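Biologist: Please take a close look at the aromatic rings for me. Then follow them to the parts they belong to.

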Amino acid sequence: MLTPVIDEDGAPFWEYAAQGELRVQTCADCAEPRFPPRPCCPHCQSFASEWRQVSGRGRVWSYVVPHPPLLPDYAEQAPYNVIVVELADAPRIRLVGNLVTGPDASLNSLAPGRIRIGARVQVVFSSAGLPQWILERP
């Protein structure tokens, strides 16, 4: 299984995720959320930031079902999906993940034919602290 490369700016995201919380970096001066995390706000150039919890609800903005060649660690789970989720309470923030049937479910646990652009999703966290997504109404 692949694990995230954690840098100084993104470390808090992964620390909160390990606790089962979805948070996004937000400018402490202009309140603009930003992702990926970075030291300076692209809107007001402030270096002040905080990590605000978001609802974890969103919608499928885009998706792909990769076919070979695949990364070797994921070949056994093919075909699986990779989705881009637009967050409901921060619509300019889009996160990449997998649509699964529940926490720790395999990446291929949801049939690709059930995925729809615009489908409402909710975040869940794997036991390793990785954000994944489930359909709000299966």
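Modeller: The structure holds three aromatic pairs. Rings of Phe, Tyr and Trp (its six-membered ring) pair if their centres lie within 6.5 Å; planes under 30 degrees apart count as stacked, over 60 as edge-to-face and the rest as tilted. Take Phe 13 and Trp 14: their ring centres are 4.9 Å apart and their planes stand at 85°, so this pair is edge-to-face. Phe 13 is buried, at 6% relative accessible area. Trp 14 is partly exposed, at 23%. Buried means under 20% relative accessible area, exposed over 50%, and partly exposed in between (1.4 Å probe, protein chains only). Phe 13 and Trp 14 form one aromatic cluster with Phe 35.

A word on the basis. This is a predicted model: local features need pLDDT of at least 70, side-chain atom pairs count only at pLDDT 80 or more, and totals for chains, interfaces and linings use all residues. Residues are numbered from 1 along each chain as its sequence is written, and side-chain values use heavy atoms, with hydrogens and water left out.

Next, Tyr 74 and Tyr 80. This pair is tilted, with 5.7 Å between the centres and 40° between the planes. Tyr 74 counts as buried at 15% relative accessibility, and Tyr 80 does too at 8%.

Tyr 74 leads on to the largest pocket. Tyr 74, Gly 97, Asn 98, Leu 130 and Pro 131 lie nearest the pocket's centre, among 27 lining residues. A pocket is an open set of points on a 1 Å grid over the protein atoms alone, where a 1.4 Å probe fits, with protein on both sides within 12 Å along at least five of seven lines; lining residues have an atom within 4 Å of a point. Helix H1 (11-18), E6 and strand E8 (131-135) each supply at least two lining residues. Helices (H or I, at least four residues) and strands (E, at least two) are DSSP runs, numbered from the N terminus.

Now strand E6, residues 94-97. Leu 95 and Gly 97 make up its covered face, Arg 94 and Val 96 its uncovered one. Arg 94 also lies over the face of Trp 61, 4.0 Å from the ring centre. Arg 23 sits over the face of Tyr 16, at 4.4 Å from the ring centre. The test is NZ of Lys or CZ of Arg within 6 Å of the ring centre and within 35 degrees of the ring normal.
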